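Subject: Structure handover

Hello,

Here is the structure for you to look over. My notes follow below it.

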Amino acid sequence: YNGKSTGAGSLSIWTHHLKDIDFFDYQDDHYAGKAYKIGAGVQGIELYEAGNKVGLTVVSGECPTVGVAGGYTQGGGHSALSSKYGLAADQVLAWEVFTGTGDLLTATRTNNTDLFWALSGGGGGTYGIVWSLTAKAHIDIPVAGANVSWTNEGISQETFSKSVAAYHAWTPTVVDAGAMSLGFGSNVSFSVGPITAPGVTAERLSKLLQPLLDQLRDLGVNYTTPVIRQFPGYLEQYNAMMPELDVAVAQYGGWLLPRSVVLDNPDGLAAA
């Protein structure tokens with residue numbers, strides 16, 4: 001994905017056809033609840049659809065073809081469900097991994113612990129060849145979704161920058177509600193959406209969104225009529241509202257920003 005599966009002088013292992021998916025009840029000293037075990041070739045949409053059939057959801061990416069057990073979870077794994085459940089790496093219960101010496105090891109919090117923590121966010125393809133991933137699954141619950149957008153038409157560039165800063169300053173509100181908002185911007189337009197809000201009603205999401213809309217109105221920004229919808233579960237919201245993320249048309253990167261940056265310096269963040 002975006003060239004991150006390749007490297008000079010590296011060995012590429014094709015795991016695409018390792019498609020086993022199993023949901024079951026898991027219990028150890030650290031977690032008791034629903035879980036799944038997948039082969040290293042399972043992609044995000046395949047896991048979403050399998051979980052949906054048994055009333056469960058999982059933490060995976062926005063891109064439907066991302067390999068869940070690969071660089072996604074091994075790299076940390078942000079998700080539209082991360083405000084509710086945490087990063088993908090936070091869900092990990094066990095890895096099965098081939099080491100460079102050809103040994104197949106199981107890594108958990110209590111067994112091969114260094115390998116467990118290294119694989120759980122330390123970077124894909126770095127410590128071994130993952131054969132399977134076992135991780136937490138969650139009971140699927142109703143999800144609300146929303147989007148809204150605006151441009152710089154009819155306002156100064158300074159005002160447009162303030163509108164983007166207003167969005168950044170607003171995001172802790174939605175995160176604290178267990179929701180997540182995607183934001184796509186350029187120097188002429190900004191799009192909020194989808195906002196993914198598990199366990200939140202459409203009515204409540206509308207109220208959460210209102211302070212941002214009030215600020216945009218005060219700035220003189222003409223925003224589109226917000227689309228706010230209720231869905232029975234996450235897959236339905238994902239299929240209806242998640243934008244298509246094409247490969248090779250954009251370069252994506254990710255950073256975890258301290259909350260203080262958003263709260264104390266939204267103008268600086270917007271300018272960056």
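Helices (H or I, at least four residues) and strands (E, at least two) are DSSP runs, numbered from the N terminus. Helix α1 is followed by Gly55, which has a positive phi, near 75 degrees.

This is a predicted model: local features need pLDDT of at least 70, side-chain atom pairs count only at pLDDT 80 or more, and totals for chains, interfaces and linings use all residues. Residues are numbered from 1 along each chain as its sequence is written, and side-chain values use heavy atoms, with hydrogens and water left out.

Overall picture

The chain has 9 helices and 11 strands. Its radius of gyration (over C-alpha atoms) is 20 Å. That agrees with a compact globule of 272 residues, which would be near 19 Å; the rule is 2.2 Å times the number of residues to the power 0.38. The C-alpha atoms fill a box of roughly 65 × 40 × 30 Å along the principal axes.

Of the 272 residues, 45% are buried. Buried means under 20% relative accessible area, exposed over 50%, partly exposed in between (1.4 Å probe, protein chains only). Contact means heavy atoms within 4.5 Å. Among contacts with a separation of 6 or more, 66% join residues 24 or more positions apart.

Helix α1 spans residues 44-53. Gly44, Ile45, Leu47, Tyr48, Ala50 and Gly51 are buried there. Their cover includes β1 (21-27), β2 (32-39), β3 (56-57), α2 and α7 (234-241).

A nonpolar core is a set of buried Ala, Val, Leu, Ile, Met, Phe, Trp, Tyr and Cys residues joined through side-chain atoms within 4.5 Å. The largest one has 39 residues. Phe23, Tyr36, Ile38, Leu47, Trp95, Leu133 and Tyr234 have the most contacts inside it. Elements giving two or more residues to this core include β4 (92-98), α4 (113-119), β6 (129-136) and β9 (180-185). The largest share, 4 residues, comes from α1.

Leaving aside neighbours within four places in sequence, Leu47 is in contact with Ile21, Phe23, Tyr36, Ile38, Val42, Val58 and Val68. Apart from this core lies another, of 27 residues, among them Ala144, Trp150, Trp170 and Val200.

A buried glutamine

Gln74 is found in helix α2 (residues 68-74). Gln74 is buried, with a relative accessible area of 4%. Beyond its neighbours within four places in sequence, Gln74 has contacts that include Trp95, Leu119, Val130 and Gly121.

Best wishes
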